[in-house]
Amino acid sequence: MAETRTEALHRNAEGLDIQAPEAILVSLADAQIEAAKAVRNAIPAIAKAAEIIAGRLNGGGRLAYAAAGSSGLMALADALELPGTFGIQRDRIAILIAGGDEAFRTLAGGPEDDTEEAAAAVAKAGIGAGDCLIALSASGTTPYAVRAIEEAASRGAATIGIANNRDSALLRQAETAILLETPPEVIAGSTRMGAGTAQKIALNMLSTLTAVHLGHVHDGYMVNLMADNIKLRDRAARIVAAISGRDRDEAARLLEKSGGAVKTAILLAAGADSADAARKILEETGQKLRPALSALEHDPGKDHARTRK
């Protein structure tokens, strides 16, 4: 195999093991920062991918992630946080990791070469027309990730590839290719470091922009969060209070009336007649709070409470 960028030796790596601890950490920190900067060049591709994902989810489709090793961990972190942060239903998300559940305990390298497992995982998850699959691989050549994207495409799914090497197989196979051209790792080939950092940043950006398209973000607030613990219930109340201008106690009361739905509570604060009426307005505005608030404000039959837009 020809040496790829992710396998090359970093320019500051020579003599690393005999340097002072602080000097080693400076090199590691600088390399992470340098890797993070590589994401900027991928912004147009990330924007395109987010629009595709939002379209599939809006159409009733599902979002799947497929990866191995460290890239699998990046995918897992992003996927598992979508329901709590943005209220995307868990059954709309599929996570395909080489090695299956055993990968969470051992993260063995062998399964990443298992193309049959990849194809079977895509089929078992039922990924097909109307869905979208994101495959990640630092090298861009991981057999599991490449085969998963091929299988998903053959079944009619939209495909997004994220890799850190230019002209790699994964990016060539993907309908939408996101290249994160990170520099060589300080520890050559240890792509859990710079490449993994860039992947995590790109996934954060991708899923957040998708949520914006879906109407799950208003100003800087996550207005579709799933408030299933004390911290998140308090956050939900603070969000309702901040957007509606009501006090914290009133916000909590409106949340209870809305069944814990932040957007619905805000519309109640803005003058919606009932939680059902608020939900109907949200349906008519594509679940987007800003146009829903506008619809209430311009309803000539009501004198609504003042609400910050």
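**Entry 1: strand β1**

I began with the side chains of β1: Leu-63, Tyr-65 and Ala-67 point one way, Ala-64 and Ala-66 point the other way, and all are buried. I note that the model is predicted. In a regular strand the side chains alternate between the two faces of the sheet. I then checked the cover on the strand, which spans residues 63-67, and found it mostly covered, with five of its five residues buried.

**Entry 2: partners of β1**

I looked up the pairing next. β1 runs parallel to strand β2 (residues 93-97), and five bridges join the two. For Ala-66 I found Leu-96 as the bridge partner in β2. I followed the chain from β1 to β2: the path goes through helix α3 (residues 69-86), and this β-α-β crossover is right-handed.

I also looked at strand β3 (residues 132-137), which is parallel to β1 and joined to it by four bridges. Here I noted Leu-133 of β3 opposite Ala-64. Both Ala-64 and Ala-66 had already turned up among the buried residues of β1.

**Entry 3: helices α10 and α11**

I moved on to a helix pair. Helix α10 covers residues 248-257 and helix α11 residues 262-269; their axes lie 8 Å apart, at an angle of about 115°. I recorded the crossing of α10 past α11 as right-handed.

Which residues of α10 meet α11? I listed Leu-254, Leu-255 and Lys-257, and on the α11 side Val-262, Ala-265, Leu-268 and Ala-269.

Technical notes. Residues numbered from 1 in each chain as written. Predicted model: local features only at pLDDT ≥ 70, side-chain atom pairs only at ≥ 80, totals over all residues. Heavy atoms only, no water. Buried < 20%, exposed > 50% of the residue type's maximum accessible area, 1.4 Å probe, protein only. Pairing = 2+ DSSP bridges. Right-handed = clockwise from strand over helix to strand, strands pointing away. Axes fitted to C-alpha atoms, helices over the stretch in contact; angles between N-to-C directions. Left-handed = near helix turned anticlockwise from the far one by under 90°. Contact = heavy atoms within 4.5 Å.
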